[in-house]
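Me: I want to go through this structure term by term. For each label, give me the value, the cut-off and the conclusion.

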Amino acid sequence: IHDNIIALSLGFDWLYDYLTNNQKTDYVNSINSMVDEMINGSYSYLYDYEFGNYAQRYMLAFAIAGYATHGDNPYAQTYIDEGLSKLEGVSSCHRLADAGGARYEGENYGSLVWMYTLRFVELVKSVTGVDLYEGNSFFEDRLQFLLYALHPTHDGTWNFGNGDVKD
């Protein structure tokens, strides 16, 4: 559901100037409904589990929904705040379980965690100018790990944990 929230929020933002007021309301209501499902519905068991690879997806979904609908959605700031709050929990998990930049779940999931986390940090930086890379050693550790784990042939990384080698 998080990817649906991300896609709908991006569509809302990109099409904003072409949407009627009714269409904007429909978009916002749909986004709010999906966020509610993510928190309270069939996905709720994953919502507070920050060690898993879903926390970063939820973090990004909240932030994009909040920033895209800001000014049209009474919940927008709540979503932004929730995304930033999730980053604090996710960062704590990275420091605890992913020390040295490796992902405890392996590189199959690790690459997803990395992608969603980077998208979140870049989104916040592009919208607000706040640099969340500052003071967070995980990003430097992660890059160093990826360089260390790269195959000599540069066609993938050494794997451990869940999943196959990630190209």
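Me: What makes the largest nonpolar core a core, and which residues have the most contacts inside it?
Reply: A nonpolar core is a set of buried Ala, Val, Leu, Ile, Met, Phe, Trp, Tyr and Cys residues joined through side-chain atoms within 4.5 Å. The largest one has 31 residues. I5, M38, L60 and F120 have the most contacts inside it. The elements giving two or more residues to this core are α1, α2, α4 (55-69), α5 (76-97), α6 (107-128) and α7 (137-149). α4 gives the most, with 10 residues. A second, separate core has 5 residues, including F12, L19, Y27 and V28. The model is predicted: local features need pLDDT of at least 70, side-chain atom pairs count only at pLDDT 80 or more, and totals for chains, interfaces and linings use all residues. Residues are numbered from 1 along each chain as its sequence is written, and side-chain values use heavy atoms, with hydrogens and water left out.

Me: What is the secondary structure of the protein, and how are helices and strands defined?
Reply: Helices (H or I, at least four residues) and strands (E, at least two) are DSSP runs, numbered from the N terminus. The protein comes to 7 helices and 0 strands. Along the sequence the pattern reads α-α-α-α-α-α-α.

Me: Why is S9 called buried?
Reply: Buried means under 20% relative accessible area, exposed over 50%, and partly exposed in between (1.4 Å probe, protein chains only). S9 has a relative accessible area of 0%, so S9 is buried. S9 is found in helix α1. Leaving out residues up to four places away in sequence, S9 touches I31, I64, A65 and A68. Contact here means heavy atoms within 4.5 Å.

Me: Which other residues of α1 are buried, and what do the buried ones pack against?
Reply: Besides S9, the buried residues of α1 are H2, I5, I6, G11 and F12. The buried residues of this helix pack against α2, α4 and α6.

Me: How do you know that the length of α1 agrees with its residue count?
Reply: The expected span is 1.5 Å times one less than the number of residues. For the 14 residues of α1 that gives 20 Å, and its end C-alpha atoms are 20 Å apart, so the two agree.

Me: Why is W14 called exposed?
Reply: W14 has a relative accessible area of 62%, which is over 50%, so W14 is exposed. W14 lies in helix α1 (residues 2-15).

Me: What makes W14, L15 and Y18 a nonpolar patch?
Reply: Patches are made of residues with over 30% relative accessible area and no salt bridge; like charges are joined within 9 Å, nonpolar side chains (Val, Leu, Ile, Met, Phe, Trp, Tyr) within 5 Å. A salt bridge is a side-chain nitrogen of Lys or Arg within 4 Å of a carboxyl oxygen of Asp or Glu. W14, L15 and Y18 form such a patch on the surface, with about 440 Å² of accessible area together. Accessible areas come from the Shrake-Rupley method with a 1.4 Å probe; for residues, only the protein chains shown count as cover.

Me: Is N32 buried or exposed, and why?
Reply: Its relative accessible area is 14%, under 20%, so N32 is buried. N32 lies in helix α2 (residues 21-40). Neighbours within four places aside, N32 is in contact with N73, Y75 and Y79.
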